[in-house]
Each structure stands twice: as C-alpha cells, then as structure tokens.
Amino acid sequence: MAKTIAPKQLAQKVINHEETLILDVRNTDEFDNWKIEGGKVEVVNEPYFNLLDGIEPVESKLAKDKEIIVVCAKGGSSEFVADLLEEAGFSNVYSLEGGMKAWSEHLEPVKVGDLADGGALYQFVRLGKGCLSYFIESNGEAAIIDTARMIETYEEFANQKEVQIKHLIDTHLHADHISGGRHLAQKVGGTYYLPPKDATEVTFDYTPLEEGNDIMVGNTAVKVQPIYSPGHTIGSTSFIIDDNYLVTGDILFVKSIGRPDLAGLAEDWVGDLRNTLYNRYKELSDDLIVLPAHYSFAEELGKGGLVSARLGDLYNRNSGLQVEDEAVFRKMVTENLPPQPNAYQEIRETNMGKITPEIEKQKEMETGPNRCAVEG
Amino acid sequence: MKATKVLDAKGLACPMPIVRTKKAMDELSTGDVLEIHATDKGAKSDLTAWAKSGGHELLDMEEGDVLKFWIKKG
C-alpha cells in the first residue's frame with residue numbers, strides 16, 4: 001500500500017515554496033480546467049486509465065527516488081497509481097488523501113500581522129480555489145470576512161486562540177463559493193453582515209453593512225471600516241482594518257481586477273467599477289496593505305503563502321489600474337471575459353438562502369477555479 | 001441498443017469502473033458493444049476520455065442515478 005499525504009501537509013509544501021512534484025492522474029480536460037499550483041509546484045498530467053497496462057507513459061518523466069505526490073479527483077485512482085509506481089520500483093510515492101475534492105476544501109491560516117492595540121490579523125488561504133478570507137482577533141473577540149463554507153476550520157482556530165467569534169461579514173454576495181458566514185453566525189450567536197444592495201433577494205435576516213458604521217472587534221479599537229465600493233456587484237464593500245489594511249473583496253486583486261458580470265450586469269456596473277478603482281481607492285493612503293478575496297495566479301502567493309500588496313505599488317504595476325482611456329477599460333471588463341465559475345447562479349441562490357442543496361451537492365458546485373478576475 | 005455484454009459497475013468508485021471496463025473489453029472482439037452501468041459521477045468524463053484514447057467508440061450514454069454507456073470495441 002502506498003503512503004498518503006494529507007492536504008494540510010501538501011499545503012505547507014506549497015506555501016513554503018518547497019520543490020514539489022505532482023503526478024495528476026485525472027483526465028486531461030479536468031486537469032486543464034483546474035490543477036494544483038503555487039510555490040515551486042511542478043505538475044505532470046497522465047490520466048490513470050492510460051496506466052492500466054503499465055506505467056511506461058510516465059516512467060521516463062519521473063525519477064525513481066524523487067518524492068512524487070499522486071493526485072486524482074477523490075483519492076481512489078491516485079492510490080491505485082501510487083501502488084503501481086511502487087511496484088515498478090519508485091520508492092518515494094504518496095497519494096493525496098481525498099484528492100482534488102479535499103484539496104479544494106483545505107484552508108491554510110497565514111498570519112498577516114499584529115494589530116496596533118493588540119490582537120492580530122490572519123489570512124485563510126484556500127489554495128485549491130484561490131479564495132482568501134480574513135480572521136481578525138482582538139481582546140477575546142473575532143470577526144471573519146468572507147468566511148468559506150468549511151466553518152469548522154474557523155471554529156477550531158478561534159478555540160485555539162481562545163476568542164469568541166462575534167462578527168461574520170461578507171464583502172459582497174459571492175458567486176464562486178458558498179459563504180459560511182450565515183451558518184457560522186447562527187452557530188456561535190454572532191452577527192451576519194451583508195451589503196444591503198446585494199441582499200435585496202435574500203430570504204433571511206442580516207445586519208446591513210453601511211459606510212460610517214464601524215464594527216468594533218474586542219474592546220480595543222480595531223476598526224473595521226466599510227467603504228462602499230461597487231463594481232463587482234452593486235453592493236461590494238471594502239474594509240479598512242486598523243488604519244493599515246484594505247480588504248478589497250472582489251474589486252481589486254494583486255495582479256488583476258474584479259469582473260462586473262457575475263450578477264449579469266456588466267454594462268451597468270462597469271462605471272461603478274471604474275469609479276471605485278480610479279477614484280475612491282485613489283483617495284485612500286498609498287501605504288494601505290491590500291488584502292483581496294482571491295488570487296488567480298500561483299505567483300501571487302508570497303512568502304509564507306501570504307497574498308497582499310501595498311496599494312500605492314498596485315497603482316504602478318497592476319495592469320487593471322493602468323487603463324487611462326475609459327472606453328478601453330469598458331471594453332476590457334465587458335468583452336473577452338474568462339468562463340464564469342462553475343455553477344455560479346446556483347451558488348448565488350444558495351448564498352441568498354433561496355436554495356439549500358445537500359452538502360455533497362454544495363461540494364460539487366464549488367469544484368473548479370474561482371474565476372472572479374479580469375486580466376488587464 | 002443491442003449489447004454483446006453488460007458490465008455492472010454500480011457502487012464502484014474510481015478507478016474501478018474503468019479497470020473493470022477495460023478487462024471486459026479485452027475479452028470482446030472488434031465491433032462488439034459493451035454496455036456499462038455505473039454510479040460514480042466521475043465515470044462520465046473518464047469513460048469518454050478512455051474510450052477515445054483507446055480507439056473505441058462511445059455510441060451512446062444515458063444519464064440518471066445510474067449512468068449507462070454503450071461502447072463499441074475499436
């Protein structure tokens with residue numbers, strides 16, 4: 001029996017930029033659509049069904065003594081192939097437990113920094129999907145921004161830190177992943193916040209996010225200051241935390257900008273997106289550290305897995321912020337958009353409370369990359 | 001559709017539906033049709049890709065709780 005590796009161990013290798021060789025044995029269409037990336041990951045694709053008669057198709061591509069992590073959709077075929085490799089004399093082979101399905105669910109906490117009056121800010125990196133959420137803790141209390149569906153991870157983290165989760169905040173109504181904010185708020189007796197303009201169709205009670213109504217975390221003044229910044233959705237809201245960090249949601253990423261079409265209104269919202277990126281954010285301090293809700297490119301994963309950048313630097317190097325001509329900008333964000341995320345309409349309806357798919361269905365809806373960005 | 005042989009791969013998870021399909025196919029002659037019943041959703045894209053790479057022809061497919069495939073040996 002081949003050895004296995006847990007998603008957590010693989011995540012550590014990726015964020016620590018360790019050299020990692022992956023043999024992905026899913027079929028090539030699935031591989032091309034979505035694969036493990038980041039750090040110093042090298043991936044070879046060969047569908048498992050091409051290896052049933054023998055491992056010749058991959059034998060020359062892999063070194064017998066080198067560590068090889070075999071990956072498939074759910075963990076069955078990778079184990080099968082790992083066994084075949086071992087039989088053929090490969091000595092350092094592992095199968096990824098639970099496959100891409102489990103990888104898609106893994107959240108890796110990365111510390112962003114300490115807060116001025118005590119407490120700290122953490123970024124939870126969902127390596128399998130490129131989703132980022134934020135955990136702010138101060139004086140025994142915590143707030144989470146853009147909580148992922150896997151709420152147990154945050155609960156365990158809160159227990160370890162001995163803090164009580166009080167505020168669950170979504171920067172916008174998500175279309176690429178199912179929010180865990182509402183359920184976690186119910187579970188811990190916290191408050192769930194949404195931008196009211198994104199919540200016109202929701203079927204549950206929520207607390208509206210409003211500019212000027214700061215959210216306090218703990219007794220110390222960790223302000224979570226909403227800024228109305230429409231564009232990706234009409235309600236999209238950003239947050240300034242501790243006068244130092246700017247949580248941008250799906251409006252501004254490190255290497256790209258948000259797409260305005262996932263609620264079906266690209267033409268209407270492109271003006272808002274432009275105004276937020278080229279006017280509203282420009283009025284803010286250049287020294288703010290931008291913390292987005294996604295990353296799209298493996299190279300955006302910085303040291304220790306952190307995804308962030310100084311706002312002033314992004315005005316110099318993010319291609320989505322360099323488009324002087326408004327007509328060119330309009331064209332860029334409304335034409336030639338990447339494919340929409342898997343099941344994005346159903347995901348939106350789930351986040352509105354209109355449908356409640358069973359858990360296996362929810363997992364299936366979330367497979368694949370996030371695709372919330374437009375490249376400039 | 002008339003099948004030469006029916007393979008029941010229901011309840012089996014990846015990679016078994018394809019391992020069994022391949023084994024059954026090896027015992028058939030060119031032009032024979034194998035009918036496969038599977039419940040693993042991954043079988044859909046994998047069987048399609050496998051048939052193509054092996055030079056077989058996927059004649060038809062039926063979706064539902066049980067996925068059904070008809071593959072003609074190439």
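I'll start with the two chains: 14 residues of chain A are in contact with 12 residues of chain B, where contact means C-beta atoms, placed from the backbone, within 7 Å. Helices here are DSSP runs of H or I, at least four residues, numbered from the N terminus.

This is a predicted model: local features need pLDDT of at least 70, side-chain atom pairs count only at pLDDT 80 or more, and totals for chains, interfaces and linings use all residues. Residues are numbered from 1 along each chain as its sequence is written, and chains are lettered from A in the order in which they are written.

Next, chain A. An automatic or database assignment sets the domain bounds: domain 1 is 3-103 and domain 2 is 107-374. Their centres, over C-alpha atoms, are 31 Å apart. Each domain's part in the contact is 11 residues from domain 1 and 11 residues from domain 2. On the domain 1 side, α1 (7-15) and α5 (99-105) of chain A are the elements giving two or more residues.

Last, helix α11 of chain A, residues 344-351. Which of its residues are buried? They are Y344(A), I347(A), R348(A), T350(A) and N351(A), buried meaning 20 or more other C-beta atoms within 10 Å of the residue's own, with C-beta atoms placed from the backbone. They lie on the same side of α11(A) because they cover an arc of only 160° around the axis, taken from the directions from the helix axis to the C-beta atoms. Their cover includes α12 (359-365) of chain A. After α11(A) comes G353(A), with a positive phi near 85°.

Technical notes. Buried ≥ 20, exposed ≤ 12 C-beta atoms within 10 Å, placed from the backbone.
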